[in-house]
Amino acid sequence: MRVGLVGKPNVGKSTFFSAATLAKVDIANYPFCTIEPNVGVAFIAARVQCPCKDIRQRLESEGRLQPVADDDVRKGSLCEPRTGSCVAHRRLVPCFLVDIAGLVPGASEGRGRGNAFLADLANCDALIQVIDAAGTTDLEGNPQGANQSKEVAQQRVFEEIEFLGNELDAWIAGLLNEGWIRGVRRVQAEGEKGLVSFIHERLTGLGATNQAISLAFEAFKSQHSELASPWDWTADVIHSLAVHVRTELFPIHIAANKFDIAPKGVLDAVTTNGRLMPIMADMELALRRASSADLISYVPGESTFEYVDKKALSEPQRKALSHMEERLMSAKGTGVSTLIDTVLFDELDHIVVYPVQDESHWTDGDGKVLPDALVVPAGIQAKALAYKVHSDLGDGFIRGVDGRTRRVVGAEHELTDGDVLKIHAKS
Ligand SMILES: Nc1nc2c(ncn2[C@@H]2O[C@H](COP(=O)(O)OP(=O)(O)O)[C@@H](O)[C@H]2O)c(=O)[nH]1
Ligand SMILES: [Mg+2]
């Protein structure tokens with residue numbers, strides 16, 4: 001899962017990226033993240049509690065385990081995650097973030113990083129556009145001062161959102177225009193079906209599916225009652241098709257950043273085809289740093305934190321933290337983790353499942369408890385999950401066993417959030 005952060009310069013993309021990817025857990029298992037400096041891992045809490053909670057409950061009820069001790073640093077968790085971590089059965093799973101710089105007006109015509117920029121976007125499963133909700137920068141990202149009126153900030157926010165949409169539309173229209181007349185004449189005999197697969201073929205590089213293109217095409221048709229033959233479509237008509245394709249392929253989720261200094265009500269009239277959330281990225285970064293330095297204990301996503309030892313803080317530290325505490329409470333969190341969580345689990349509709357080798361103890365071959373938590377599409381089938389673990393496991397799939405019910409399940413059995421599954425395969 002790869003989520004791209006886009007937006008004009010100086011809105012806080014890099015701040016959002018640093019904050020979201022700063023964690024105490026190590027990322028040694030993701031070597032490519034150190035190769036590409038703009039790629040990082042954000043650890044997000046699974047929505048369903050880690051199944052190590054079930055293990056604890058069972059052992060406690062059988063009298064084989066004492067209740068959680070007050071000084072237990074893992075607050076009861078019993079699993080041994082290969083990546084991420086688990087405290088109080090709150091299991092963290094990876095979501096990859098890409099800080100995509102270089103969006104400037106004219107990118108679709110090759111300005112700035114041009115096509116390289118657009119290709120980066122195409123490789124992402126979802127896009128978050130970071131915007132400057134405080135209106136402190138112009139469209140090119142030049143600072144305009146901190147105290148903007150609601151009207152000015154609102155105007156800038158609209159322009160900013162419109163601008164990304166326009167760049168994407170122009171880019172897609174450009175891809176469609178190339179060889180359009182010859183192309184559509186070639187598929188003439190196949191009618192509308194041929195036309196849709198021709199468009200699909202042109203846009204496969206963007207991760208387009210035939211189904212998505214069909215949906216976009218239906219929406220486009222319903223807006224144009226009298227369409228000429230495709231080879232006679234004007235640039236405007238093709239552009240309109242591009243707009244429908246873009247809204248289908250690229251829902252844009254908006255991180256309305258700098259919310260701490262944004263005028264009240266600035267987001268009231270803003271609309272998007274994705275999610276919109278107020279964000280305070282630099283506060284999230286400050287909180288995670290304070291937490292890394294053991295000054296506070298802060299769980300990303302929450303609207304409060306605890307002091308580790310208030311008396312040990314310097315006066316400026318105490319002031320800064322108490323100021324943040326107030327803002328954090330009134331805004332109900334910084335929004336950073338919450339937005340990624342929403343995009344990953346609600347918008348992309350993913351779940352977390354736990355493949356194991358031993359269906360009784362929920363361990364792998366080395367006896368590690370629940371070592372793997374995989375982020376997969378909701379309703380994934382048992383055999384498809386086997387392929388995610390290892391291609392041999394998929395090829396040799398015989399049956400699965402549900403770790404909770406101990407029922408045997410077939411290749412097409414659909415998994416739900418928090419499932420534990422043992423896979424039997426021919427070796
Ligand atoms: N007030 C405020 N400033 C922020 C916030 N997030 C980032 N900034 C500031 O915005 C400026 C640009 O941030 P940066 O992350 O470099 O933006 P990028 O060019 O989009 O990567 C920096 O001075 C940040 O400190 C925020 O939530 N609130
Ligand atoms: Mg940057």
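Guide: Helices H8 and H9 are oblique to each other, a word kept for angles that are neither under 35 degrees (roughly parallel), nor over 145 (roughly antiparallel), nor 65 to 115 (roughly perpendicular). Their packing angle is about 135°, and their axes are 8 Å apart, where axes are lines fitted to C-alpha atoms over the stretch in contact and angles run from 0 to 180 degrees between N-to-C directions. The crossing of H8 and H9 is right-handed, meaning that the near helix is turned clockwise from the far one by less than a right angle. Helices here are DSSP runs (H or I, at least four residues), numbered from the N terminus.

This is a predicted model, in which local features need pLDDT of at least 70 and side-chain atom pairs count only at pLDDT 80 or more, while totals for chains, interfaces and linings use all residues. Residues are numbered from 1 along each chain as its sequence is written, and chains are lettered from A and ligands numbered from 1 in the order in which they are written.

Between helix H7 (191–203) and helix H8 (210–223) runs a loop that holds Gly207. Because 14 other C-beta atoms lie within 10 Å, Gly207 is partly exposed, the class between buried (20 or more such atoms) and exposed (12 or fewer), with C-beta atoms placed from the backbone. Gly207 is 174 residues from Cys33 in sequence, and their C-alpha atoms are 22 Å apart in space.

In the wider protein, the domain assignment, automatic or from a database, gives domain 1 (176–249) and domain 2 (354–425), whose C-alpha centres lie 40 Å apart.

How values were computed:
Helices (H or I, at least four residues) and strands (E, at least two) are DSSP runs, numbered from the N terminus.
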